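The structure is shown first, and the description follows it.

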Amino acid sequence: MVRPLEADPACSALAARAWQVLAAVSDPEIPVISVIDLGIVRAVIETDDGVEVRVTPTYAGCPATHVIEADITAALRAAGIAARVVKTLSPPWTTDWITAQGRARLKEYGIAPPGSVDRRGPQVVHLAPKMGSDPIYCPRCASARTELLAQFGSTACKALYRCVDCREPFDYFKPL
Amino acid sequence: MRPHVDYLLRLGDSSLVLGQRLAEWCGHGPVLEEDIAMANVSLDLIGQARLLLAHAGRIEGAGRDEGALACLRDEDAMAYLRDARAYRNFTLCELPNGGIEKGGVHGADYAITMVRNLLYCAYQVQLWDRLRESADRELAAIAAKSAKESAYHLRHAADWTVRFGDGTEESHARAQRALDQLWPYANELFATDAVEEEVAAQGIGVRGAELHPAWETMIDATLAEACLVKPAASAFRSSGKAGLHSEHLDFLLAEMQVLARQHPGAQW
(Lines give C-alpha, C1' and ligand atoms only; values in the text may rest on other atoms or scores of the structure.)
Protein backbone atom coordinates (compact mmCIF):
# COMPACT_ATOMS: atom_id res chain seq x y z
CA MET A 1 0.00 0.00 0.00
CA VAL A 2 1.32 3.46 -0.84
CA ARG A 3 2.27 5.29 2.35
CA PRO A 4 0.65 8.67 2.76
CA LEU A 5 3.04 11.56 2.58
CA GLU A 6 4.25 13.13 5.80
CA ALA A 7 6.42 16.15 6.45
CA ASP A 8 10.04 15.27 5.75
CA PRO A 9 11.85 15.63 9.12
CA ALA A 10 14.84 17.04 7.22
CA CYS A 11 12.85 19.90 5.65
CA SER A 12 13.60 23.49 6.57
CA ALA A 13 12.10 25.21 9.59
CA LEU A 14 10.01 27.42 7.30
CA ALA A 15 8.61 24.44 5.42
CA ALA A 16 7.89 22.69 8.71
CA ARG A 17 5.96 25.72 9.92
CA ALA A 18 4.03 25.78 6.66
CA TRP A 19 3.08 22.10 7.13
CA GLN A 20 1.67 22.96 10.55
CA VAL A 21 -0.39 25.81 9.10
CA LEU A 22 -1.72 23.51 6.38
CA ALA A 23 -2.81 20.92 8.93
CA ALA A 24 -5.49 23.45 9.91
CA VAL A 25 -6.74 24.02 6.35
CA SER A 26 -9.79 21.83 5.94
CA ASP A 27 -11.58 20.48 2.92
CA PRO A 28 -14.39 22.93 2.06
CA GLU A 29 -16.93 20.09 1.64
CA ILE A 30 -15.87 17.98 4.62
CA PRO A 31 -14.79 20.45 7.32
CA VAL A 32 -13.45 17.80 9.71
CA ILE A 33 -10.61 16.66 7.46
CA SER A 34 -7.53 18.67 6.48
CA VAL A 35 -5.87 18.93 3.08
CA ILE A 36 -2.89 17.12 4.61
CA ASP A 37 -5.04 14.22 5.87
CA LEU A 38 -6.65 13.95 2.43
CA GLY A 39 -3.24 13.57 0.82
CA ILE A 40 -3.85 16.59 -1.41
CA VAL A 41 -0.66 18.38 -0.30
CA ARG A 42 2.29 16.44 -1.76
CA ALA A 43 5.25 18.61 -0.86
CA VAL A 44 6.20 21.88 0.77
CA ILE A 45 9.50 23.30 -0.42
CA GLU A 46 11.28 26.43 0.72
CA THR A 47 12.04 28.81 -2.13
CA ASP A 48 13.91 32.11 -2.40
CA ASP A 49 10.83 34.12 -1.52
CA GLY A 50 8.72 31.81 0.62
CA VAL A 51 7.40 28.31 0.02
CA GLU A 52 6.09 26.30 -2.88
CA VAL A 53 3.19 23.99 -2.02
CA ARG A 54 2.67 21.15 -4.44
CA VAL A 55 -0.92 19.87 -4.52
CA THR A 56 -2.62 17.20 -6.53
CA PRO A 57 -6.29 17.42 -7.52
CA THR A 58 -8.54 14.60 -6.34
CA TYR A 59 -10.92 14.35 -9.31
CA ALA A 60 -10.11 16.15 -12.59
CA GLY A 61 -13.38 18.05 -12.42
CA CYS A 62 -13.51 18.61 -8.65
CA PRO A 63 -15.08 22.05 -8.14
CA ALA A 64 -13.43 22.42 -4.73
CA THR A 65 -9.90 22.49 -6.18
CA HIS A 66 -9.89 26.27 -6.72
CA VAL A 67 -11.20 26.90 -3.23
CA ILE A 68 -8.61 24.60 -1.67
CA GLU A 69 -5.78 26.39 -3.46
CA ALA A 70 -7.11 29.79 -2.41
CA ASP A 71 -7.52 28.58 1.19
CA ILE A 72 -3.95 27.28 1.25
CA THR A 73 -2.52 30.59 0.01
CA ALA A 74 -4.69 32.60 2.40
CA ALA A 75 -3.81 30.48 5.45
CA LEU A 76 -0.10 30.74 4.76
CA ARG A 77 -0.31 34.48 4.10
CA ALA A 78 -2.13 34.93 7.42
CA ALA A 79 0.79 33.12 9.07
CA GLY A 80 3.23 35.50 7.37
CA ILE A 81 4.46 32.98 4.79
CA ALA A 82 4.49 33.90 1.09
CA ALA A 83 3.32 30.85 -0.86
CA ARG A 84 2.93 29.65 -4.40
CA VAL A 85 0.64 26.70 -5.11
CA VAL A 86 1.66 24.37 -7.91
CA LYS A 87 -0.66 21.66 -9.22
CA THR A 88 0.94 18.34 -10.05
CA LEU A 89 -1.04 15.65 -11.84
CA SER A 90 1.48 12.88 -11.47
CA PRO A 91 1.45 10.56 -9.60
CA PRO A 92 -2.36 10.71 -9.61
CA TRP A 93 -4.17 11.18 -6.32
CA THR A 94 -5.41 8.01 -4.70
CA THR A 95 -7.61 7.48 -1.65
CA ASP A 96 -4.78 5.29 -0.33
CA TRP A 97 -3.08 8.61 0.56
CA ILE A 98 -5.77 9.47 3.13
CA THR A 99 -4.13 9.21 6.55
CA ALA A 100 -5.39 7.02 9.39
CA GLN A 101 -6.35 10.18 11.23
CA GLY A 102 -8.28 11.35 8.19
CA ARG A 103 -10.17 8.05 7.99
CA ALA A 104 -11.08 8.25 11.68
CA ARG A 105 -12.37 11.82 11.24
CA LEU A 106 -14.47 10.82 8.20
CA LYS A 107 -16.05 8.00 10.17
CA GLU A 108 -16.85 10.26 13.16
CA TYR A 109 -18.45 12.70 10.74
CA GLY A 110 -20.70 9.95 9.34
CA ILE A 111 -18.89 9.21 6.07
CA ALA A 112 -17.65 5.64 5.61
CA PRO A 113 -13.93 5.88 4.73
CA PRO A 114 -12.71 4.31 1.48
CA GLY A 115 -11.57 0.70 1.30
CA SER A 116 -8.29 -0.06 -0.42
CA VAL A 117 -8.11 0.52 -4.15
CA ASP A 118 -8.63 -2.43 -6.49
CA ARG A 119 -5.40 -2.43 -8.46
CA ARG A 120 -6.26 -5.08 -10.98
CA GLY A 121 -6.66 -2.61 -13.81
CA PRO A 122 -9.22 -2.67 -16.64
CA GLN A 123 -11.20 -5.88 -16.72
CA VAL A 124 -14.59 -7.19 -17.67
CA VAL A 125 -17.12 -5.30 -15.59
CA HIS A 126 -18.93 -7.52 -13.13
CA LEU A 127 -22.41 -6.43 -12.29
CA ALA A 128 -23.79 -6.22 -8.77
CA PRO A 129 -20.64 -4.15 -8.40
CA LYS A 130 -18.59 -4.07 -5.27
CA MET A 131 -16.76 -0.82 -4.72
CA GLY A 132 -13.66 -2.49 -3.37
CA SER A 133 -12.57 -5.77 -1.83
CA ASP A 134 -13.38 -4.82 1.80
CA PRO A 135 -16.85 -4.81 3.37
CA ILE A 136 -18.30 -1.35 3.92
CA TYR A 137 -19.24 -0.69 7.53
CA CYS A 138 -22.05 1.58 8.64
CA PRO A 139 -20.41 4.60 10.31
CA ARG A 140 -23.24 4.74 12.84
CA CYS A 141 -23.73 1.16 14.03
CA ALA A 142 -20.65 -0.56 12.48
CA SER A 143 -22.73 -3.23 10.77
CA ALA A 144 -21.21 -4.84 7.68
CA ARG A 145 -24.69 -5.42 6.23
CA THR A 146 -24.83 -2.41 3.94
CA GLU A 147 -26.11 -1.95 0.40
CA LEU A 148 -25.46 0.46 -2.45
CA LEU A 149 -28.22 2.96 -3.21
CA ALA A 150 -26.47 5.13 -5.79
CA GLN A 151 -23.00 5.24 -7.29
CA PHE A 152 -22.87 9.02 -6.89
CA GLY A 153 -23.80 10.62 -3.58
CA SER A 154 -23.65 14.18 -2.33
CA THR A 155 -20.45 14.79 -4.29
CA ALA A 156 -18.73 12.99 -7.18
CA CYS A 157 -16.21 11.41 -4.82
CA LYS A 158 -18.85 9.69 -2.71
CA ALA A 159 -21.45 6.97 -3.20
CA LEU A 160 -24.73 6.60 -1.30
CA TYR A 161 -25.19 3.48 0.83
CA ARG A 162 -27.80 2.27 3.30
CA CYS A 163 -27.36 0.20 6.43
CA VAL A 164 -29.69 -2.79 6.48
CA ASP A 165 -29.52 -3.00 10.28
CA CYS A 166 -30.01 0.55 11.54
CA ARG A 167 -31.72 1.63 8.23
CA GLU A 168 -29.81 4.90 8.03
CA PRO A 169 -28.32 6.06 4.71
CA PHE A 170 -24.70 7.25 4.63
CA ASP A 171 -22.08 8.52 2.19
CA TYR A 172 -19.16 6.27 1.26
CA PHE A 173 -15.89 7.82 0.08
CA LYS A 174 -15.17 5.87 -3.11
CA PRO A 175 -11.74 4.23 -3.47
CA LEU A 176 -9.88 5.95 -6.31
CA MET B 1 3.17 19.28 -34.23
CA ARG B 2 -0.20 19.44 -35.93
CA PRO B 3 -0.94 15.69 -35.54
CA HIS B 4 -0.04 15.95 -31.85
CA VAL B 5 -2.46 18.85 -31.35
CA ASP B 6 -5.16 17.13 -33.42
CA TYR B 7 -4.82 13.99 -31.33
CA LEU B 8 -5.18 15.89 -28.06
CA LEU B 9 -8.18 17.76 -29.47
CA ARG B 10 -9.79 14.48 -30.44
CA LEU B 11 -9.65 13.25 -26.86
CA GLY B 12 -10.42 16.60 -25.24
CA ASP B 13 -13.27 17.56 -27.57
CA SER B 14 -14.86 14.11 -27.21
CA SER B 15 -14.83 14.46 -23.43
CA LEU B 16 -16.19 18.01 -23.63
CA VAL B 17 -18.98 17.24 -26.11
CA LEU B 18 -20.05 14.09 -24.24
CA GLY B 19 -19.89 16.06 -20.99
CA GLN B 20 -22.20 18.65 -22.52
CA ARG B 21 -24.68 15.98 -23.65
CA LEU B 22 -24.77 14.39 -20.20
CA ALA B 23 -25.25 17.79 -18.58
CA GLU B 24 -28.47 18.16 -20.59
CA TRP B 25 -29.98 15.59 -18.24
CA CYS B 26 -29.50 17.90 -15.26
CA GLY B 27 -32.95 18.61 -13.87
CA HIS B 28 -34.52 16.08 -16.26
CA GLY B 29 -33.14 12.76 -15.06
CA PRO B 30 -35.49 9.77 -14.86
CA VAL B 31 -34.90 9.50 -11.10
CA LEU B 32 -33.00 11.77 -8.71
CA GLU B 33 -30.01 9.44 -8.30
CA GLU B 34 -29.48 9.32 -12.06
CA ASP B 35 -29.88 13.10 -12.40
CA ILE B 36 -27.03 13.40 -9.90
CA ALA B 37 -25.05 10.62 -11.58
CA MET B 38 -25.19 12.31 -14.99
CA ALA B 39 -24.15 15.65 -13.53
CA ASN B 40 -21.22 14.00 -11.77
CA VAL B 41 -20.04 12.01 -14.80
CA SER B 42 -20.38 15.18 -16.88
CA LEU B 43 -18.23 17.04 -14.37
CA ASP B 44 -15.51 14.39 -14.53
CA LEU B 45 -15.55 14.54 -18.34
CA ILE B 46 -15.34 18.33 -18.36
CA GLY B 47 -12.39 18.05 -15.97
CA GLN B 48 -10.65 15.74 -18.45
CA ALA B 49 -11.49 18.13 -21.28
CA ARG B 50 -10.00 21.12 -19.46
CA LEU B 51 -6.72 19.32 -18.90
CA LEU B 52 -6.53 18.08 -22.49
CA LEU B 53 -7.58 21.33 -24.17
CA ALA B 54 -5.23 23.41 -22.02
CA HIS B 55 -2.42 21.05 -22.98
CA ALA B 56 -3.35 21.17 -26.68
CA GLY B 57 -3.33 24.96 -26.55
CA ARG B 58 0.12 25.00 -24.96
CA ILE B 59 1.53 22.62 -27.59
CA GLU B 60 -0.03 24.66 -30.38
CA GLY B 61 1.44 27.90 -29.05
CA ALA B 62 4.83 26.46 -28.13
CA GLY B 63 7.75 28.44 -29.41
CA ARG B 64 5.58 31.38 -30.41
CA ASP B 65 5.88 34.68 -28.60
CA GLU B 66 2.24 35.63 -28.59
CA GLY B 67 2.07 38.09 -25.73
CA ALA B 68 -1.51 39.05 -25.00
CA LEU B 69 -2.82 36.72 -27.70
CA ALA B 70 -1.73 33.66 -25.70
CA CYS B 71 -5.11 33.83 -23.98
CA LEU B 72 -6.65 32.71 -27.25
CA ARG B 73 -5.20 29.28 -26.58
CA ASP B 74 -6.27 28.72 -23.01
CA GLU B 75 -8.83 26.04 -22.16
CA ASP B 76 -11.79 28.45 -22.25
CA ALA B 77 -10.85 29.91 -25.61
CA MET B 78 -10.39 26.42 -27.03
CA ALA B 79 -13.83 25.40 -25.78
CA TYR B 80 -15.83 28.52 -26.57
CA LEU B 81 -14.25 30.13 -29.60
CA ARG B 82 -13.82 27.24 -32.02
CA ASP B 83 -16.50 26.35 -34.56
CA ALA B 84 -17.73 22.86 -35.38
CA ARG B 85 -15.25 22.42 -38.25
CA ALA B 86 -12.39 22.90 -35.79
CA TYR B 87 -13.79 20.41 -33.29
CA ARG B 88 -12.27 16.94 -33.43
CA ASN B 89 -14.60 14.87 -31.28
CA PHE B 90 -15.84 11.47 -32.40
CA THR B 91 -19.35 11.80 -33.86
CA LEU B 92 -20.64 9.24 -31.34
CA CYS B 93 -20.24 11.81 -28.58
CA GLU B 94 -22.31 14.56 -30.24
CA LEU B 95 -25.41 12.48 -31.01
CA PRO B 96 -28.52 13.78 -29.24
CA ASN B 97 -29.74 12.11 -26.07
CA GLY B 98 -32.88 11.05 -27.95
CA GLY B 99 -30.93 9.21 -30.59
CA ILE B 100 -30.88 9.80 -34.30
CA GLU B 101 -34.31 8.58 -35.27
CA LYS B 102 -36.92 11.25 -35.72
CA GLY B 103 -38.30 12.46 -32.41
CA GLY B 104 -37.12 9.87 -29.93
CA VAL B 105 -39.30 9.19 -26.89
CA HIS B 106 -39.98 12.50 -25.13
CA GLY B 107 -36.94 13.86 -26.97
CA ALA B 108 -34.49 11.92 -24.80
CA ASP B 109 -34.05 8.24 -24.02
CA TYR B 110 -32.00 7.04 -21.08
CA ALA B 111 -31.23 3.81 -22.91
CA ILE B 112 -29.47 5.81 -25.65
CA THR B 113 -27.45 7.69 -23.03
CA MET B 114 -26.46 4.57 -21.09
CA VAL B 115 -25.53 2.50 -24.14
CA ARG B 116 -23.56 5.41 -25.62
CA ASN B 117 -21.70 5.81 -22.34
CA LEU B 118 -21.03 2.06 -22.30
CA LEU B 119 -19.49 2.15 -25.78
CA TYR B 120 -17.45 5.30 -25.24
CA CYS B 121 -16.33 4.77 -21.64
CA ALA B 122 -15.18 1.24 -22.46
CA TYR B 123 -13.05 2.82 -25.20
CA GLN B 124 -11.67 5.42 -22.78
CA VAL B 125 -10.69 2.76 -20.23
CA GLN B 126 -8.56 0.98 -22.86
CA LEU B 127 -7.23 4.27 -24.19
CA TRP B 128 -6.09 5.68 -20.84
CA ASP B 129 -4.45 2.40 -19.91
CA ARG B 130 -2.24 2.59 -23.02
CA LEU B 131 -1.61 6.33 -22.76
CA ARG B 132 -0.03 5.99 -19.29
CA GLU B 133 3.12 5.11 -21.25
CA SER B 134 2.86 8.09 -23.62
CA ALA B 135 6.07 9.90 -24.47
CA ASP B 136 4.07 13.06 -23.83
CA ARG B 137 4.45 13.06 -20.04
CA GLU B 138 1.59 15.51 -19.48
CA LEU B 139 -0.75 13.28 -21.51
CA ALA B 140 0.49 10.27 -19.54
CA ALA B 141 -0.35 12.06 -16.29
CA ILE B 142 -3.81 13.03 -17.60
CA ALA B 143 -4.38 9.42 -18.65
CA ALA B 144 -3.37 8.00 -15.27
CA LYS B 145 -5.75 10.41 -13.56
CA SER B 146 -8.64 9.88 -15.98
CA ALA B 147 -8.36 6.08 -15.90
CA LYS B 148 -9.73 5.88 -12.37
CA GLU B 149 -12.72 8.09 -13.11
CA SER B 150 -13.54 6.41 -16.43
CA ALA B 151 -13.57 3.03 -14.67
CA TYR B 152 -16.44 4.29 -12.49
CA HIS B 153 -18.27 5.75 -15.51
CA LEU B 154 -18.00 2.41 -17.30
CA ARG B 155 -19.28 0.48 -14.30
CA HIS B 156 -22.30 2.79 -14.05
CA ALA B 157 -23.17 2.54 -17.76
CA ALA B 158 -22.65 -1.22 -17.88
CA ASP B 159 -24.83 -1.69 -14.81
CA TRP B 160 -27.72 0.18 -16.42
CA THR B 161 -27.26 -1.52 -19.78
CA VAL B 162 -27.64 -4.88 -18.05
CA ARG B 163 -30.68 -3.69 -16.09
CA PHE B 164 -32.35 -2.43 -19.26
CA GLY B 165 -31.41 -5.38 -21.42
CA ASP B 166 -32.32 -7.97 -18.81
CA GLY B 167 -35.33 -5.97 -17.64
CA THR B 168 -38.85 -5.51 -18.96
CA GLU B 169 -39.98 -5.99 -22.56
CA GLU B 170 -39.99 -2.23 -23.04
CA SER B 171 -36.58 -1.62 -21.49
CA HIS B 172 -35.11 -4.49 -23.48
CA ALA B 173 -36.58 -3.20 -26.76
CA ARG B 174 -35.29 0.31 -26.13
CA ALA B 175 -31.84 -0.91 -25.13
CA GLN B 176 -31.59 -3.06 -28.26
CA ARG B 177 -32.79 -0.15 -30.40
CA ALA B 178 -30.19 2.12 -28.81
CA LEU B 179 -27.44 -0.42 -29.45
CA ASP B 180 -28.50 -0.90 -33.09
CA GLN B 181 -28.51 2.87 -33.67
CA LEU B 182 -25.21 3.64 -31.97
CA TRP B 183 -23.14 0.62 -33.01
CA PRO B 184 -22.04 1.95 -36.44
CA TYR B 185 -20.70 5.10 -34.78
CA ALA B 186 -18.19 3.05 -32.82
CA ASN B 187 -16.36 2.17 -36.04
CA GLU B 188 -14.76 5.61 -36.11
CA LEU B 189 -13.04 5.03 -32.77
CA PHE B 190 -11.08 2.06 -34.08
CA ALA B 191 -10.31 3.18 -37.64
CA THR B 192 -6.65 4.19 -37.43
CA ASP B 193 -5.96 7.27 -39.57
CA ALA B 194 -2.92 9.32 -40.51
CA VAL B 195 -3.03 11.37 -37.29
CA GLU B 196 -2.91 8.24 -35.17
CA GLU B 197 -0.18 6.68 -37.28
CA GLU B 198 1.92 9.80 -36.77
CA VAL B 199 1.41 10.09 -32.97
CA ALA B 200 1.86 6.34 -32.52
CA ALA B 201 5.16 6.51 -34.42
CA GLN B 202 6.27 9.22 -31.98
CA GLY B 203 5.23 7.15 -28.98
CA ILE B 204 2.73 9.86 -28.00
CA GLY B 205 -0.56 8.17 -28.90
CA VAL B 206 -2.07 4.82 -29.76
CA ARG B 207 -3.61 3.45 -32.96
CA GLY B 208 -7.36 3.09 -32.57
CA ALA B 209 -7.34 -0.38 -34.11
CA GLU B 210 -5.09 -1.67 -31.32
CA LEU B 211 -7.73 -0.82 -28.72
CA HIS B 212 -10.47 -2.79 -30.47
CA PRO B 213 -9.89 -6.37 -29.25
CA ALA B 214 -9.91 -5.56 -25.52
CA TRP B 215 -12.84 -3.19 -26.04
CA GLU B 216 -14.83 -5.85 -27.84
CA THR B 217 -14.14 -8.40 -25.08
CA MET B 218 -15.52 -5.99 -22.47
CA ILE B 219 -18.55 -5.11 -24.57
CA ASP B 220 -19.32 -8.74 -25.49
CA ALA B 221 -19.35 -9.74 -21.83
CA THR B 222 -21.69 -6.88 -20.90
CA LEU B 223 -24.07 -7.50 -23.81
CA ALA B 224 -24.25 -11.19 -22.94
CA GLU B 225 -25.30 -10.38 -19.37
CA ALA B 226 -27.74 -7.83 -20.76
CA CYS B 227 -29.30 -10.41 -23.12
CA LEU B 228 -28.71 -7.97 -25.99
CA VAL B 229 -27.77 -8.97 -29.50
CA LYS B 230 -24.55 -7.50 -30.84
CA PRO B 231 -25.40 -5.71 -34.12
CA ALA B 232 -23.79 -6.85 -37.35
CA ALA B 233 -20.68 -5.01 -38.47
CA SER B 234 -21.33 -2.25 -40.97
CA ALA B 235 -19.15 -0.25 -43.32
CA PHE B 236 -20.49 3.05 -42.00
CA ARG B 237 -17.83 5.35 -40.72
CA SER B 238 -18.50 8.74 -39.13
CA SER B 239 -15.85 11.44 -39.47
CA GLY B 240 -16.05 13.76 -36.48
CA LYS B 241 -12.38 13.27 -35.68
CA ALA B 242 -11.53 14.86 -39.02
CA GLY B 243 -13.73 17.86 -38.27
CA LEU B 244 -16.59 16.62 -40.46
CA HIS B 245 -19.52 16.38 -38.11
CA SER B 246 -23.16 15.38 -38.12
CA GLU B 247 -25.81 18.08 -38.16
CA HIS B 248 -26.07 17.84 -34.36
CA LEU B 249 -22.78 19.41 -33.29
CA ASP B 250 -23.62 22.94 -34.47
CA PHE B 251 -26.71 23.07 -32.26
CA LEU B 252 -24.80 21.70 -29.27
CA LEU B 253 -22.03 24.26 -29.67
CA ALA B 254 -24.48 27.12 -30.22
CA GLU B 255 -26.03 26.42 -26.84
CA MET B 256 -22.73 25.76 -25.10
CA GLN B 257 -20.90 28.79 -26.49
CA VAL B 258 -23.56 31.50 -26.68
CA LEU B 259 -22.95 33.07 -23.28
CA ALA B 260 -19.17 33.28 -23.67
CA ARG B 261 -19.51 34.69 -27.18
CA GLN B 262 -22.07 37.30 -26.13
CA HIS B 263 -19.66 38.58 -23.48
CA PRO B 264 -16.20 38.20 -25.00
CA GLY B 265 -13.37 38.43 -22.52
CA ALA B 266 -15.67 38.41 -19.49
CA GLN B 267 -14.22 37.14 -16.22
CA TRP B 268 -16.62 35.41 -13.80
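## Strands and sheet in chain A

Two strands are taken to pair if DSSP finds at least two bridges between them, and strands themselves are DSSP runs (E, at least two residues) numbered from the N terminus. The model is predicted, so that local features need pLDDT of at least 70 and side-chain atom pairs count only at pLDDT 80 or more, whereas totals for chains, interfaces and linings use all residues. Residues are numbered from 1 along each chain as its sequence is written, chains are lettered from A in the order in which they are written, and side-chain values use heavy atoms, without hydrogens and water.

In chain A, four strands form an open sheet of mixed pairing, in the order β4-β7-β6-β5. β5(A) runs antiparallel to β6(A) (residues 158–163), to which four bridges join it, and A:Thr146 has A:Cys163 in β6(A) as its bridge partner.

## The β1–β2 hairpin

Strands β1 (residues 41–47) and β2 (residues 50–55) of chain A are antiparallel and joined by six bridges, with a hairpin of two residues leading from β1(A) to β2(A). A:Glu46 lies opposite A:Val51 of β2(A).

## Interface of chains A and B

Chain A contributes 29 residues and chain B 32 residues to the contact, defined by heavy atoms within 4.5 Å. Across the interface of chain A and chain B, zero salt bridges are found, the rule requiring a side-chain nitrogen of Lys or Arg within 4 Å of a carboxyl oxygen of Asp or Glu.
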